[in-house]
Amino acid sequence: MTAAFVSPDAIRSLFSQAMSDMYRTEVPQYGTLLNLVADINQHTLAHNPALREALAQAGDMDRIDVERHGAIRLGTAHELATLSRLFRVMGMQPVSYYDLSVAGVPVHATAFRPVDDEALRINPFRVFTSLLRLELIDDPALREQARQILARRAIFTDEVLALLHQCERDGGLDADHAARFVAALLPTFRWHPTATVDAATYRQLLNAHRLVADVVCFRGPHINHLTPRTLDIDAAQAEMPRRGIEAKAVVEGPPRRRCPILLRQTSFKALQEVIAFPQASGTGTHADTHTARFGEIEQRGVALTRKGRALYDQLLAQVRNIDGAGSTAHDYAERLTAAFQAFPDDAPSLHAQGLAFYRYTVLDPAAFSRHAHAADDLDLPALLRANVVGLQPIVYEDFLPVSAAGIFQSNLGGQEARSYAAQSAQLAFEQALGRPVLDEFEIYAGMQQRSLQALQAQFAHGKT
Ligand code: OOG
Ligand code: NI
């Protein structure tokens, strides 16, 4: 029998939609955020024909409405390795290593996401996935207790593990099994209002770090936010209070620019949620609150090269280091804008200086064909200057959680010690994951390179 397998992209789309539906019923404010973002995107497109045209030309109109990222936190290496295989069924691969310990958070992470042009166009759903670093809990007894609690839990349903096995054996899932796979994976990310530990244990782990309690005390890695993509984050930020949502004081990331770069994010505070704790004596439950889940909105801009990212990091550090006040400082927005004067803000400069990644599109086919007949070699700079070829920004698909976490560098010791620690942790992380993470810069560079090759092929074809 030849099964008609559905594509990993289709399974990811189903999963992304199912997660969004589930989270909307769990956190009603998320529904408010979705409506707000849909309204702002519609308004922005209606008033900005150039942006509409650019998105349409890049084939990106469809992804905007469905685009989300989520975040989860795992407790064990085995959970991470299994999740990596599950995400692979949906065409999601681990990209980049994020060391959040430098931000004072005892986790390290990767982002599972699609990496191909076509897959990203269909549905770019990504999940920022952290793994708790138990070794960063100081108290050895508490560390051991946390390890034992985590070792006892099983976060995946038997059904999803069986379907995973089937998919790996057969090379895919048919439509019926794909739907069952998504339904069987969903419970892993559901919210559990009941803790697995008593209130005293919860409080001990909370004292070690808020995140330790969040990972260790529950049956599974509840999705802690799902973030829609807006085309105008400043408008979204202004609109949040009007819809009864209390936004954080400033937008994280780069300032507002003509050519948006990387990622800008804002959020609302985590909810106070009632949790029931089993009593140590086994007699009834005790109620308390836990804060984990929050709301976030983001705007995505062009992906930067290593050189561009280094300049970004340097300019951001300049602003944050002034008085140690980080992004809470009163005049932060003005200082940020001032510092980023040093970052070119037009596509030709960003491209020519090797700061950002672009795809090439022929804007004037007749002029391009004249060039192909007349020139020996493709003269890209001349074609760009003459507007025969245009630059299409390659969207940044990754994350900036460490820079968003604010000031931490100033509290740390020597640079060498820090990078050494980060390096060895990446190896441990990849061991837990069962494979190396992909390098985001190589992915973006490959996209730009393939686009250049396509242009060269078009040039060669025009000669014949
Ligand atoms: C990780 C949050 C990282 C982002 O947008 O930078 C993230 C977490 O809190 O679990 O989602
Ligand atoms: Ni996020």
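Strand E2 and strand E3 (residues 107-113) are paired in the antiparallel sense, with five bridges between them. The model described here is a predicted one.

- Five strands make up an open sheet, and their order is E2-E3-E4-E1-E5. The pairing in this sheet is mixed.
- From one strand to the next, the twist averages 20°.
- Tyr 98 has Ala 109, a residue of E3, as its bridge partner.

**Helices H8 and H9**

- Helix H8 (residues 158-170) packs against helix H9 (residues 175-185) at an angle of about 140°, and their axes are 8 Å apart. Because of that angle, H8 counts as oblique to H9.
- The crossing in which H8 passes H9 is left-handed.
- On the H8 side, the contact uses Glu 159, Val 160, Leu 163 and Gln 166. On the H9 side, these residues meet His 177, Arg 180, Phe 181, Ala 184 and Leu 185.
- By class, the residues of this contact of H8 with H9 are five nonpolar, two polar and two charged.

**Helices H1 and H9**

- H9 also has a contact with helix H1 (residues 8-26). The axes of H1 and H9 come within 10 Å and cross at roughly 35°.
- H1 and H9 form a right-handed crossing.
- H1 contributes Ile 11, Leu 14, Phe 15 and Ala 18 to the contact, while H9 contributes Ala 178, Ala 179, Phe 181, Val 182 and Leu 185.
- How many nonpolar, polar and charged residues does the contact of H1 with H9 have? There are nine nonpolar residues, no polar ones and no charged ones.
- Phe 181 and Leu 185 of H9 are named in the contact with H8, and Phe 181 and Leu 185 are also named in the contact with H1.

**Helices H16 and H20**

- Helix H16 (residues 365-374) and helix H20 (residues 440-463) have axes that come within 8 Å and cross at roughly 70°. H16 is therefore roughly perpendicular to H20.
- H16 passes H20 in a crossing that is right-handed.
- Phe 368, Ser 369, Ala 372 and His 373 of H16 meet Phe 459, Gly 462 and Lys 463 of H20.
- This contact of H16 with H20 has three nonpolar residues, three polar and one charged.

**Around ligand 1**

- Which of the nine residues around ligand 1 come nearest? They are Ala 71, Phe 128, Ser 130, Phe 399 and Pro 401.
- Strand E1 (68-74), strand E4 (126-132) and helix H18 (401-404) are the elements that each give two or more residues to this shell.
- The shell around ligand 1 has five nonpolar residues, three polar and one charged.

Terms used: Residues are numbered from 1 along each chain as its sequence is written. Chains are lettered from A and ligands numbered from 1 in the order in which they are written. This is a predicted model: local features need pLDDT of at least 70, side-chain atom pairs count only at pLDDT 80 or more; totals for chains, interfaces and linings use all residues. A residue is near a molecule or strand if its C-beta atom, placed from the backbone, lies within 6 Å of it. Helices (H or I, at least four residues) and strands (E, at least two) are DSSP runs, numbered from the N terminus. Ala, Val, Leu, Ile, Met, Phe, Trp, Tyr, Cys and Pro count as nonpolar, Asp, Glu, Lys and Arg as charged, and the others, Gly among them, as polar. Axes are lines fitted to C-alpha atoms, for helices over the stretch in contact, and angles run from 0 to 180 degrees between N-to-C directions. Angles under 35 degrees count as roughly parallel, over 145 as roughly antiparallel, 65 to 115 as roughly perpendicular and the rest as oblique. A crossing is left-handed if the near helix is turned anticlockwise from the far one by less than a right angle, and right-handed if clockwise. Two residues are in contact if their C-beta atoms, placed from the backbone, lie within 7 Å. Two strands pair if DSSP finds at least two bridges between them.
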